[in-house]
Amino acid sequence: MSQDTEVDMKEVELNELEPEKQPMNAASGAAVAPVMAGGAEKNGLVKNKVADDEAEVAAKFTGLSKEELLKVASSPGWVRTRWALLLLFWLGWLGMLAGAVVIIVRAPRCRELPAQSWWHKGALYRIGDLQAFLGSNAGNLAGLNERVDYLSSLKVKGLVLGPIHKNLKDDVSGTNLEQIDPTLGSKEDFDSLLQSARKKSIRVILDLTPNYRGQNSWFHPSQIDTVTTKVKNALSFWLQAGVDGFQVRDVENLANASAFLAEWQNITKNFSEDRLLIAGTESSNIQHILSLLEFAKDLLVTSSYLSDPNLSGERVKFLVTQYLNLTDSRWCSWSLSQARLLTSSVPAYLLRLYQLLLFTLPGTPVFSYGDEIGLQAADVLGQPMKAPFMLWDESSFNTSGSISSNMSVKDQSEDPGSVLTLFRRLSDYRGKERSLLHGDFHTLSSGPSLFSYIRQWDQNERFLVVLNFGDMGQPARLGASSLPASASLPARVDLLLSTQTGREEGASLELEHLKLEPHEGLLLRFPYVP
């Protein structure tokens, strides 16, 4: 075989290979031009071949011309298709719009939130005796300023302070309601306290009971004109100083008290609607209390209305519902006295129960210093029954008398099961849950030793309170027959807290089989169901 024949055969074999397997310098006589003289490589010839292929592809896929596209788009089939798609689009859009309207119309409307002042949003905390609260070595306004953080930890909204004005016992001329007793501090100390309290969102209410060191808080009846004039002048003075409200006590000893209270409240409201007036009385008579409320709008009254230590669940239910009905469901306050400790009105084993009661009733709960730890007037020997020293830590136990453990603020702050921990938790719930802030109040039927009720607001989480005032364990036996259509009892509820240890918080409880221990109170919650 000649040399030329061998070359032709090799080119045939190369042409039979797949294009990607052919060497870049391989070429056949049919596909490429003759080899350049001198044996030059043929890579450039491959590039020419690729370019020719691309030109062929471009020539094959030129697409439709404008005239052709217009002709197709104008065909009857495409016109019908476009109209059908457009109609489907608008029908779908209108359907979604109609569905949204139906959902909005049928959805339950939210109730308008009521207007609330600061005293509607949490508890008030009374400090009547600075030296008893702080200790004899620090019993002044400067010392109280250092305890503002503690008050903030209690989640209280207002501090009821004093009286702290200059008062010579039973001496009208020696009593100045506009001057701070020098033994308690100065006006500058008071201003500093106001600023510290505001930073913690705590309002300051000043007690202006005139003759607080004397036998009659309002002096002799023949001096009433002079005394009431002093009170009016003091109201204006302290309002200008930045005080958020006032308290006067023992108003049962003030002749024509309702008229004076109405006049004094007008002074505070004319200055600002955000100012509060509190009237305290030792009376538990409902008619006397109603007479104080007769002419004064938004007046809060603290009294001994609920102070009977032998109250049963049924009796508490009667007193609460009577008070709410007779006051036409106006905003009220709840306390066991105008100034005393809770433990001076109820036995210590009912203290937690009453804390739960006062924090969950519709209105403003009012406490005295020491109520949060269960302070008792007879805790420490040698201390006055009227104003026992606050037990801050071990240093407060300055007598040789025996003191039970876990009584001080320090000890109870470290104990998750203490009275102080319970107080703080209840105060926190009271200030942030709408159903407890301003929710509706509905009582339930239950056993003779029990008092139970529901607090609910619109579509928010609802609360069930069950209190056992009896000395024996009792099944709840809750009845909902008296509830309105907007309220109902579920089959199961979640346990938020108990006043006694031993229950698992967060546990789901079946109401049909719910039983309470002696003197136990339960705070239960359940969701809104449309």
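Reply: Start with a definition: a strand is a DSSP run of E with at least two residues, numbered from the N terminus. Proline 365 is found in one of these, strand E10, residues 364-368. Keep in mind that this is a predicted model.

Me: Why is proline 365 called buried?
Reply: Buried means under 20% relative accessible area. Proline 365 has 0%, so the word applies.

Me: Which residues is proline 365 in contact with, leaving aside its neighbours within four places in sequence?
Reply: Contact needs heavy atoms within 4.5 Å. Gly122, Ala123, Leu124, Trp334, Leu358, Phe359 and Arg430 qualify. Take tryptophan 334: 31 residues separate it from proline 365 along the chain, yet their C-alpha atoms are 4.8 Å apart.

Me: How do you know that the span of helix H12 agrees with its number of residues?
Reply: The expected span is 1.5 Å times one less than the number of residues. H12 covers residues 313-326, 14 residues, so 20 Å should separate its ends. The end C-alpha atoms are 20 Å apart, and therefore the two agree.

Me: Which residues of H12 are buried?
Reply: They are Gly313, Val316, Leu319, Val320, Tyr323 and Leu324.

Me: What puts them on the same side of H12?
Reply: Their arc around the axis is only 130 degrees, so they share one side of H12. An α-helix has 3.6 residues a turn, so residues three or four places apart point the same way.

Me: What covers the buried residues of H12?
Reply: The cover includes helices H11 (286-292) and H13 (351-360), along with strands E9 (333-334), E11 (440-444) and E12 (450-456).

Me: What is the strand order of the open sheet?
Reply: Its 6 strands run E11-E12-E13-E18-E15-E16, with antiparallel pairing.

Me: What makes E11 and E16 edge strands?
Reply: Each pairs on one side only. Strand E16 is 508-510. On average, neighbouring strands of this sheet are turned by 35 degrees against each other, direction ignored.

Me: How do you know that E12 and E13 pair?
Reply: Pairing takes at least two bridges. E12 and strand E13 (residues 462-468) have 6 and run antiparallel. Serine 452 stands opposite valine 466 in E13.

Me: Where do H12 and H13 lie against these strands?
Reply: H12 lies across E11 and E12, at about 40 degrees to E12. H13 packs on the sheet and touches E12, E13 and strand E18 (521-526). The direction of H13 makes about 145 degrees with that of E13.

Technical notes. Residues numbered from 1 in each chain as written. Predicted model: local features only at pLDDT ≥ 70, side-chain atom pairs only at ≥ 80, totals over all residues. Heavy atoms only, no water. Helix = DSSP H or I, 4+ residues; strand = E, 2+ residues; numbered from the N terminus. Buried < 20%, exposed > 50% of the residue type's maximum accessible area, 1.4 Å probe, protein only. Arc of directions from axis to C-beta. Axes fitted to C-alpha atoms, helices over the stretch in contact; angles between N-to-C directions.
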